[in-house]
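Please review the briefing below, which concerns disulfide links and a few elements of secondary structure.

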Amino acid sequence: MNWGACPADVAAPPQLQCASLDVPLDYRQPDGKKISIEISRLQSIDPAARRGVLLFNPGGPGGLGLTFPLDLVRAGIPASVLARYDLIGFDPRGVAHSSPVNCNLTAEQMVIAPKYAHNEADVVEASAFAKGIAQQCAASESASVLPYLTTANTARDMDQIRAALGESKISYVGYSYGTYLGGAYATLFPDQTDRVVLDSVLGPGGYDITAARRFAEGMQDRFPDFAKWAAVRNSSYGLGATPTAVTATFDKLADKLDETPVAGIDGSYFRLATHGLIYQNQSFPRLAQAWQALLANQVPSGAVPPAPTPTEQSQTGTMISILCGDNAWPRTISTYQDNVAQDRAAYPMIGASTANVWPCAHWPKQPIETPVQFSDQGPSNLLLVQNTRDPATPLSGALETRAQFGDRARMVTVDQGGHGAALPFLNSCGFSAVTDFLVNGTRPDTDKFCGAEASARGLSQQQQQAADKILDRMTRH
């Protein structure tokens, strides 16, 4: 591995080194076409205490990884972890500096979550929109590569990274979608795993149709936290003096924007944007201000996205390809019409959106292999950490993954809302459990529960900036 300076557009100090690694596009043809994977490294601060390498994935699919270790250091990873490992980041295949793809999507198409459907005709309309995205990807210059952008192949790339680093095993920390990627690696390469941490855990099917529909469950779990927060601050924002009143304001705004959009912001966009801004408590003020603006028929700051950059195109193209390449999705509109009717009743806030038609219903290629199936066969070296009220990866999916891994895993459940349970700046109990495991190999003997804490700990300006970058990446679920 030839380490050197990172790409010019990666803002990083000299201690973050980068290298490129060629891997097979299709692992069924290992001597065939190769693609390049870009890797980064922060070396251990104490070589005498070094245990090995610790790989990270921030989620997505399609999350940028090169500077992620550096962001975690700036956010407060303790010196004990920095001593034990070289921290390894990488842009997954298809993304940014790793053979990027491009579906040439418009700003509107970059929001791949379907629109909220009020009736069966709305599902037909969403299907046509989703079909346009799928056809655009199929007609792009990246079309021949897209079928090979899968979780299983990304896990195989991770093992190529392990081998290139000269390591017999790797440790791993993955967030959100990165939990499914880590689970896939631990399933495909159990003997090459050292200590594996999965934070904000997807169900065992990855980002399949079940996970898509679970966003609505997560919204219903999490929204009451925002409603309580806003009610306490009614004098500042005027969104309602009680949580019930704040929820009524949500319904009022959604209905109002369905009838009369504000600068293109309709009720569907409002619902999905609200979901995205309840991922972290730090986003609550921004969300409340956006509601204030919309109540006054004004455009919220930053609400109109600019044209997507090449990096954003590669992230979204990879995300769609993995969603559609890992699992076969239903192809009949009637299936989605039934799902929408069920979820609109069960999860009224966004259920009629997330159960609607995604591009995978029209994806031109069927998956090239069956999905990775988690099992309890392998070393007992997995630690799962999960919030009770996660808007993106609800507790129900985490419990299913926990059950699939059996005695291979332990799970720490944290009584808090939001996406990301054990980052350095969140719950100290959850973060301590992760740190103890990574540094000392200590896991709870049985599954553990961490109680709620009054607030996140105070951060310096640098830590807050790093935390914001981490959370922004995780929001690209």
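The points that follow are grouped by topic. This is a predicted model, in which local features need pLDDT of at least 70 and side-chain atom pairs count only at pLDDT 80 or more, while totals for chains, interfaces and linings use all residues. Residues are numbered from 1 along each chain as its sequence is written, and side-chain values use heavy atoms, with hydrogens and water left out.

**Disulfides**
- The search of the whole structure finds 4 disulfides, a disulfide being a pair of cysteine sulfur atoms within 2.5 Å.
- C6 and C18 are joined with an S to S distance of 2.0 Å, and the link is right-handed, with 85° about the S-S bond.
- C6 lies in the segment before β1 (16-24) and C18 in strand β1, so this pair ties together parts that are 12 residues apart in sequence.
- C324 and C360 are joined at 2.2 Å from S to S, and their link is left-handed, with -85° about the S-S bond.

**Strand β3**
- Strands are DSSP runs of E with at least two residues, helices are runs of H or I with at least four, and both are numbered from the N terminus.
- In strand β3 (residues 52-57), 6 of the 6 residues are buried, where buried means under 20% relative accessible area, exposed over 50% and partly exposed in between (1.4 Å probe, protein chains only).
- β3 pairs in the parallel sense with strand β4 (residues 85-90) over 4 bridges, where pairing requires that DSSP finds at least two bridges between two strands.
- L54 has L87 in β4 as its bridge partner, whereas the partner of N57 is G174 in β5.
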